[in-house]
Amino acid sequence: TDETTASLWSSFQVPAPSFPRSQFSARIIGEKGLMDLDAYGELRVAVDSRWEVVIGGRDKKVTLLDKDGAMVWQFAAADIVDGVSANGFGEILVHAGSHLYLLAGDGSLLWQRNFERPLGAATWAHGLVPGLNVGFEDGQVMLLDPEDGTERWSYDFNRAVQAVGVSEGVPGMVVGLGDGRVARLDDQGRLLWEQDIGRVVSWLAVADVDHDGHDDVIARSGDNVLRLQAEDGTVIWRTDTSAERLIGAALGDGVVVATDQRVYGLDATGAEAWSYPLDEVASVVYTAELDGVQESVEVAVGTVKGGLYLLDTDGQLLWQGKGRERVNALQAADLNGDGSQELLVGMEDGVVQAYGLAVNQVPWLSTPRVTPVGGGYVYSVHVRDPEGDDVQVALEIWDPSAQIWLAQERTTALGGKGTLSWNLPNPFDTWDADRDSRFRFAWDDGQNQGPVAAVPGPLDMPV
């Protein structure tokens, strides 16, 4: 022998900005920086705590297909698409590298923001005042105004942001960090609590899993699934799955977890309640009320080979399908305002496919807005009819004193396309102070009629 001595050091402590992506990749920690090469040919290098894409390998397009595979629209991003999420009013949030886009339901660009560093997470903030929660790989989180993407507030954790969770019952945001901590900020960006749960927090969700009126935080740390109190971060239970691959989501009365080729449900105590075998390795799990029945939640599962499964909360298969490529994201949203949710399936080749869109589609009404102007208010909505029919739209304002909707005059989107607006000097004559404020739009395309879900606002109440 030549008396050569080799030493191996293993540690979970990784220099900033850490490795935020959880999929298979080759990673190198050097004296002056980090390298990350994923399985799709994208090479990133981090120097001075900032990731940069040297070679890109995946698609940069967001494409919406209908249930038959026909393209509805396509949007080209400036970088590889990392995430897509939709709100309840037909707007779609896309984050791609260091770019953030807000799209209308028809794929048109409302605005975009280009940051100097990559985004780690982006999602909608619920509550009376809507917003956008974004987290960066360098550890900063922000709340943005959905009107134009301007910053409302920010907070710096100085650790990579892995996941962001929100719910209507928890103002602010819950953040999963790369050093194994979970933290909660209030709706003004102030730190409420921080809890160390062990290893990297790769996903989390916020939901009331035991229906006690208080939301919980469900998080993955290594091969463990944990339930924490959203109020103060206290750990309620921890379940060891002994699985290297682990993904999951909150369920109506528990948690759904997928490990390799099995998906199963945990009840509110962390005990296994049901199990379903998969033909392929799961890549993403999502839960939503897809059949339009409240209190009836379905479990959607995507696989690495494009498989799609829809299960009920007892683990019974409702339907099974096949996508184009590996399924990276699942999202439910009412894209066309017909009152039922469509399932968006985001795939590895950059395509987002929509399941559940009606063959004869109703008009898409999106981006409802109300803006104070000159002592009055301007209400607006974006209209697009897939068949190009003229669409009549009426603004309706809720009168909380009389408990009725007050209909304003109708206006028409010729050819089923355009932005309609109403200028009202004072629509609040019958209002009492401190009463709720909301509005909605009713549409008629000559074949179908219906209202769009009500929107809070204006927020400046009359006195």
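## Aromatic cluster

Phe439 and Phe441 are both buried, meaning under 20% relative accessible area with a 1.4 Å probe on protein chains only, where over 50% is exposed and anything in between partly exposed. This is a predicted model: local features need pLDDT of at least 70, side-chain atom pairs count only at pLDDT 80 or more, and totals for chains, interfaces and linings use all residues. Residues are numbered from 1 along each chain as its sequence is written, and side-chain values use heavy atoms, without hydrogens and water.

The whole structure holds eight aromatic pairs. Rings of Phe, Tyr and Trp (its six-membered ring) pair if their centres lie within 6.5 Å; planes under 30 degrees apart are stacked, over 60 edge-to-face, the rest tilted. Tyr379 and Phe439 form an edge-to-face pair, 5.1 Å centre to centre with 75° between the planes. This pair links distant parts of the chain, 60 residues apart: Tyr379 is in strand β35, and Phe439 is in strand β39 (residues 438–444). Strands are DSSP runs of E, at least two residues long, numbered from the N terminus. Tyr379 and Phe439 are both buried. The rings of Phe439 and Phe441 have centres 5.8 Å apart and planes at 85°, so this pair is edge-to-face. Ring pairs join Tyr379, Trp422, Phe439 and Phe441 into a cluster.

His382 is buried, with a relative accessible area of 14%. Its contacts (heavy atoms within 4.5 Å), leaving aside neighbours within four places in sequence, include Ala104, Asp106, Trp364 and Thr419.

The side chains of His382 and Thr419 make a polar contact at 3.2 Å. A polar contact is a pair of N or O atoms within 3.5 Å; within protein, one must be able to donate a hydrogen and the other to accept it, and residues adjacent in sequence count only if both atoms are side-chain atoms.

## Charges over rings

The charged end of Arg384 sits over the ring of Trp364, 5.7 Å from its centre. Arg117 does likewise with Phe136, its charged end 4.0 Å from the ring centre. The test is NZ of Lys or CZ of Arg within 6 Å of the ring centre and within 35 degrees of the ring normal.

## A four-strand sheet

Four strands form an open sheet in the order β11-β12-β13-β14, with antiparallel pairing. Strands pair if DSSP finds at least two bridges between them. At the edges stand β11 (119–125) and β14 (151–156), each with a single partner strand, so one side of each has no neighbour in the sheet.

Six bridges join β11 to the antiparallel strand β12 (residues 131–136). Trp124 has Leu132 in β12 as its bridge partner.
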